[in-house]
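Here is a short report on side-chain pairing in one protein model. Please keep the sequence and the 3D view open while reading.

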Amino acid sequence: LDIFSINGDMENMAASHTLLCDILYSSGFDADAIDHCLMALNLYTNLESVEGQSNLYNSIGRIYLDLEQFDESYQHFNQAYYLAEVENDPSLLSECLRYLGQYYHGIKEFEEALENYDKALIYVYKEPDIEKLGYLFLDKGMANTGLGQYDSAVVNLKEALFYADSSYNLELRAKVYSELGSLYSAIEKYDIAIVFLKQSLFVAQKINADPILEQCYKNLANFYDQQNDTENALRYFKLYTSHKDTLFSNQSAIQIAEAEAIYDLEQKNKQIEMLMNENRIREMEAGRKNMINIWLISVLVFVFILTMLLYRQYRIQNKVNQALNDQKNAINQQKIEIEIQKESIEKANSILAEKNKQITDSLEYAKRIQLSLLPDSEQLRSKFNDSFIWFQPRDIVGGDFYWYAEFKNTICLVVLDCSG
């Protein structure tokens, strides 16, 4: 990216940003990924690359889908599909249909998800791509599981595993192993389930992919919980919670929304600047035309009689006035459009502020719950006259807390670090 930036190679800059977006997304860094996505989208927009824009809208849609912001996810997937239809590219269309299927899976409309996956397969079979086939059969298997169609799920997931092995795609292999483990656990074939779950964890650790590791730990915790193996269930649940931080996800959502708002604002400013440049060009052209008209009138003075000259000047003046009126109307129309764009930006800022308020309110509510669960300071003073409590969370909700209890002749005081 540094080399292409120095050379001003916009096409390869866009490609580099796209790859960085995909790498960061696969590693679980959604907020960083979205920055590269938007920079790539801006470059592809300037390059008028429909394929590049479609792929980037899909990437942004995936990030919103992981954050369970389904409306934003659907808008981006739908925009990607619209561009793919304009381009009429089978590869693009198959990708868009697959992600639309994942959106419907996310909102638990599994039948609609399967319908989109099957449409995507039609395009992929026209230009076979082993990895795409693997991911599509994985998605189909997961949708079958959601519908309780376990036999179909096993068939599709084993098909996905075949394509994962054929393409040596370790990420796909880890995901398929994980889903097969969960599926066999659901149908109480525990001996087979644990084999697939352990294989999934091994591959996920090998490629160090946090999102897959998170799912592996969650599935293993659920498996051992079903087996009433409390020790292992707790161990994997702790590993799962260490990878999944809800507050971080909310902060990522805010950062992503802010990044998109800034991107939209930049696009609006570019449109406004373009309109102003067009106005300047029109003014220059009008001035040039006036100079030509004046020169023609000067020549005609020597050719036509005074009355003809006055008549022609009158006609020229009417044309100039009409041109000025038309120009004035065009400028007024552009002012109206700019005002509309300004209102759109203000509305986006208002939505962003509301989302931020909702998150803050949730944290304030959590604070009240936390404070209600802490021991009574008066009860502590009744045992220790000179005691006091200092409880000062870094943010709204404290990560650490304290506990007090009496057991027969023993008083227990504890200070805990919940995340350590």
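The report covers salt bridges, then aromatic rings, then one asparagine.

This is a predicted model, in which local features need pLDDT of at least 70, side-chain atom pairs count only at pLDDT 80 or more, and totals for chains, interfaces and linings use all residues. Residues are numbered from 1 along each chain as its sequence is written, and side-chain values use heavy atoms, with hydrogens and water left out.

**Salt bridges**

Side chains of opposite charge can pair when their charged atoms come close. A salt bridge here is a side-chain nitrogen of Lys or Arg within 4 Å of a carboxyl oxygen of Asp or Glu. The whole structure holds 10 salt bridges. The table lists some of them.

| Asp22 | Arg62 | 3.0 Å |

Arg62 forms its salt bridge with Asp22. This pair links distant parts of the chain: Arg62 sits in helix H4 (residues 50–66), Asp22 in helix H2 (residues 10–26), and they are 40 residues apart. Helices are DSSP runs of H or I with at least four residues, strands are runs of E with at least two, and both are numbered from the N terminus.

Burial is judged by relative accessible area: buried means under 20%, exposed over 50%, and partly exposed in between, with a 1.4 Å probe and protein chains only. Arg62 counts as buried, at 15% relative accessibility. Asp22 is partly exposed, at 26%.

Asp118 is partly exposed, with a relative accessible area of 34%. Lys140 is buried, at 14%.

Arg173 is buried at 18%.

**Aromatic rings**

A search finds 14 aromatic pairs in the whole structure. One of them is Tyr190 with Phe223, an edge-to-face pair with 6.0 Å centre to centre and 65° between the planes. Rings of Phe, Tyr and Trp (its six-membered ring) pair if their centres lie within 6.5 Å; planes under 30 degrees apart count as stacked, over 60 as edge-to-face, and the rest as tilted.

Tyr190 belongs to helix H11 (residues 190–207) and Phe223 to helix H12 (residues 210–226), so far as the DSSP runs define them. Tyr190 is partly exposed at 24% relative accessibility. Phe223 is buried at 5%.

Phe391 and Tyr402 are edge-to-face because their planes stand at 70°, with ring centres 5.9 Å apart. Phe391 lies in the loop between helix H16 (377–383) and strand S1 (400–407), and Tyr402 lies in strand S1, 11 residues apart. Phe391 counts as partly exposed, at 25%.

Ring pairs also build a cluster of Tyr190, Tyr217, Phe223, Tyr224 and Tyr236. Arg235 lies over the face of Tyr236, 4.5 Å from the ring centre. Such a charge has NZ of Lys or CZ of Arg within 6 Å of the ring centre and within 35 degrees of the ring normal.

**A buried asparagine**

Asn116 is found in helix H7 (residues 110–126). Is Asn116 buried or exposed? Asn116 is buried, with a relative accessible area of 7%. Asn116 touches Leu97, Leu100, Gly101 and Tyr104, leaving aside residues up to four places away in sequence. Contact means heavy atoms within 4.5 Å.
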